[in-house]
Amino acid sequence: MEKDQDKILNEVTQGEYKYGFVSDIESESIPKGLNEDVVRLISQKKNEPEFMLEFRLKAFRHWQTMKMPQWAHLIVPKINYQDIIYYSAPKQKVLLDSLDDVDPELRATFDKLGIPLDEQKHLSGVAVDAVMDSVSVKTTFKENLAELGIIFCSFSEAVQEHPDLVKKYMGSVVPYTDNYFASLNSAVFSDGSFCFIPKSVRCPMELSTYFRINAANTGQFERTLIVAEDDSYVSYLEGCTAPRRDENQLHAAIVEIVANRNAEVKYSTVQNWYPGDKNGKGGIYNFVTKRGKCAGENSKISWTQVETGSAITWKYPSCILLGNNSIGEFYSVAVTNNHQQADTGTKMIHIGKNTKSIIVSKGISAGFSNNSYRGLVKVVKNATNARNFSQCDSLLLGDKCGAHTYPYIEVDNKDSIVEHEATTSKIGEDQIFYCNQRGIKTEDAIGLIVNGYAKEVLNKLPMEFAVEAQKLLQISLEGSVG
Amino acid sequence: MSLEAVKIESKQKFIEIYQDNIDTLKNDAPEYINIARQKAFELFKNIGIPDKKNENYKYTDLNKEFDNGYKMYLSPKNIKFQINDIFRCDVPEINTKVILLLNGWYYDRENLITELPGGAIIGSFQKAAELYPDLVKKHFAQYADMEKEGMVALNTAFVKDGIFLYVPKDVLIEKPIQIINLLMDEEEGFTQHRNLFILEEGSQASVVVCDHTLSTPNFLTNSVSEIFVGQNAGFDYSRMQNEHNGSKQVSHLYFHQERDSRVNANTITLHGGLVRNNVHVLLNGEGCENNTYGLYLTDKGQHIDNYVFMDHAFPNCISNQLFKGVLDDFATGAFNGKVLVRKDAQKTKAFQANNNILLTDDADINTKPQLEIYADDVKCSHGATVGQLDEDAMFYLRARGIPKKEAKLLLMYAFANDVIKAIQVPALQDRIQDLVDKRLRGELSRCNSCQMHCC
């Protein structure tokens, strides 16, 4: 049985990446390299107001003084920042009036990915902002949302049309000095999504951004800003894919969320960047800064992520629990295969009184991969009655992979209760035996156990996404669950 | 006995002291020790004293402590009093072989080495290095990692005296050996002692270590103990830290365990201004078992930082870590435990727990239990909690007529008892139970073990 199991586990790691195709779309790029002129050029190309250029330049100057962080449990090959194209956009004629104006090849690409750009035909009720090579190509359902006062558009559009909002909130959660990759992003970000939910509005549909890297040698730097005013609610989805290429591509994004009084923001990610081939060649370097600020009382921010892609993942979606009674949540499934490396987790900073946070992290490592959870729970002195519970489990499928847990707990007052627990194990022979005994084949049993293991997190995903996430998990279990 | 006192400040100072006193240091020490000394000095020049940027010292700033003008002795200071007159161990009915270290020097200068029945040897490290070069050379500086740890390099560069224990093959020492580290001086002093415990195959021994301060000045201690536990040997290490609040202590324990060996290490921290305990365990053979426990009860401005590194290098080993602490007033605490399971260390069982109770809003605790696992067939878990006494339990007791204060003490005592009951020496266990009880009541404001009433 041991051998049988090994064979099946082997098959688990053979899941093919389905989104590795390249679309032949004419794109407009600037030359490789990074300097002040490039930053100015990006700003100029986007026809940005003065304050944006200033912001970019400040960030760029600060970035030059910084060093790449080394603390993560990752082996990151040296990245040559001069060898990257910082701006690449699918060639657009002028402004798109209707869907018919969208490049048919581009539409075909998103159709292939199963993204409902074509709103008439898809009644799935998801508004999508599709971002290809860092430029937003099409936002659906915009008009319907506008009736409610919801602004959902590309970041560049927001800069043009709502500069006050952008100026007020951009950098308020992730300042341009935050970290190496946040500074880099602040200097060169090309586009992204902007979402504003006005007071007392409950967004009637899921908002979604779909990121796609297409052009070669480019880096993708997008920025998402979500502002939820008092008493509002929004659920936001993010998905991503990239073509299969031999060289590594850099993705350094920023997501900022502001939740005001009684607001709730739910942010779900299915991250499926190209993870590289079986020998660890190629793949996306994913260095992302995601942070939410529960600014008002009783606000809530919830992060749910399913991480299956990227050669290297460096990502810590965090919550600053500033308002009293605010709640932060983090649910994560991270799967690493072959030579993938992931160092991911969260930060929960309790500042307001009676704040609560919950962390559920499930890591699954296979092949030669390394999967780390790194998290911080900090309770400051005035955050009385803070409550945190963290659970971080790791599942090892194979004897050449690694699973690591690095929790940090810092508590400064006596009324708070903070709990952390973690386990690491493999699928028990007794569990398999139990299933076998009941007529369930070993490969089905492994699928069953892994799905059960991740269920707690998958359940937190919105319906539309849960299906995709489950499919993704199944890809990696192909051959064992049939 | 010459006296050489030198004022010290920080890394540069140590480098100067070393260069100025190289002859004194190298005098009397065998060549192989001086080779290690020189190597350690070169390493120290590069690493220096760890600062907060060092991930392992994130919560304890040692540089600050070294800025004080402590004096350092390169040979034993003349002792003008009979220590036995003022110090007696007050653990009742404890039947131990007592060894004294005064300010890091072996106290009984007339009788530096004692041979115990069965060929076991106990005595001064300095003397042993001279008398048993083959034995010491084989183990000295082999387990303590001075390449990564600047404090170990510093200790090795200035190595002079400490305790040496050797237990030959299949010898069992029934009586626990009690090592008492006394700090006593009229001026502020920096001491560094170096212990080496060698337990050969199939042997067994038990060591009780007590840390005391007998006079009021501030002290800084940086000690290193290397402990080799041979195949199928058993070693029991209990330690009680009870120094006054002006003392700062950094201690390093390096356990090297061979196949099927068993080690229990138990550290009870009752008092101490700044205490940093580093425990490194290498399970270097199959079937090893290691239990590392710690209890810390801090108040006022005390700071306690426990660091444990458990290295599972071979399959089928078991390790347990349990650290519990109660923090009162504006005390600060940290726990940093790491379990590393290497690639082929299958069937490893490793458990790690850190529980803390904060009694005031000014106390704070930082804990980071870590797992780093490279083998798949393992059972590893860790947990950390920070909280208060259980309200339900409190209610239960109060509903039965127990006053709030007593109920609180009872619960704290129960909380601490998990660690105390793991102490293997019964007499010591009783005594520590008693001390912890007193400590929790706030009655142990001075070291009970001495008549100096210094703190």
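Let me start with Ile409 of chain A. In this predicted model, Ile409(A) stands opposite Thr367(B), which belongs to strand 22 of chain B. The two strands around that spot are strand 23 of chain A and strand 22 of chain B, residues 364-373. They pair in the antiparallel sense, over six bridges.

Now follow Thr367(B) into chain B. What stands opposite Thr367(B) there? Phe335(B) does. The strand that pairs with strand 22 of chain B here is strand 20 of chain B, and this pairing is parallel, with 10 bridges.

Is strand 20 of chain B mostly covered or mostly open? Covered: of the 10 residues in 332-341, nine are buried.

Back to where the chains meet. In total, 28 residues of chain A are in contact with 30 residues of chain B. On the chain A side, strand 23 (402-411) and strand 24 (417-426) each supply at least two of the residues that touch chain B. Sorted by class, that side of chain A has 10 nonpolar residues, 10 polar ones and eight charged ones.

Next, a helix. Helix 10 of chain A runs over residues 442-458, which is 17 residues. From first C-alpha to last it reaches 23 Å, close to the 24 Å expected at 1.5 Å a residue. Where does helix 10 of chain A bend? At Gly452(A), by about 30°. Several residues of this helix are buried, including Glu443(A), Ile446(A), Val450(A), Ala454(A) and Leu458(A).

Last, confidence. Chain A averages a pLDDT of 81, and 78% of its residues score at least 70. Among the elements of chain A, strand 19, residues 347-350, has the highest mean pLDDT, at 95. Helix 1, residues 2-12, has the lowest, at 55. Two stretches deserve a mention. Over residues 93-98 of chain A the pLDDT stays under 50, and the model has three contacts for them beyond four places in sequence. Residues 119-125 of chain A are also below 50, with six contacts in the model beyond near neighbours in sequence. Where pLDDT is low, the predicted coordinates should not be read in detail.

Conventions
Residues numbered from 1 in each chain as written. Chains lettered and ligands numbered in written order. Predicted model: local features only at pLDDT ≥ 70, side-chain atom pairs only at ≥ 80, totals over all residues. pLDDT = per-residue confidence, 0-100. Helix = DSSP H or I, 4+ residues; strand = E, 2+ residues; numbered from the N terminus. Contact = placed C-beta atoms within 7 Å. Expected span 1.5 Å × (residues − 1). Bend = angle between axes of the 7 residues up to and from the residue. Buried ≥ 20, exposed ≤ 12 C-beta atoms within 10 Å, placed from the backbone. Nonpolar A, V, L, I, M, F, W, Y, C, P; charged D, E, K, R; others polar. Pairing = 2+ DSSP bridges.
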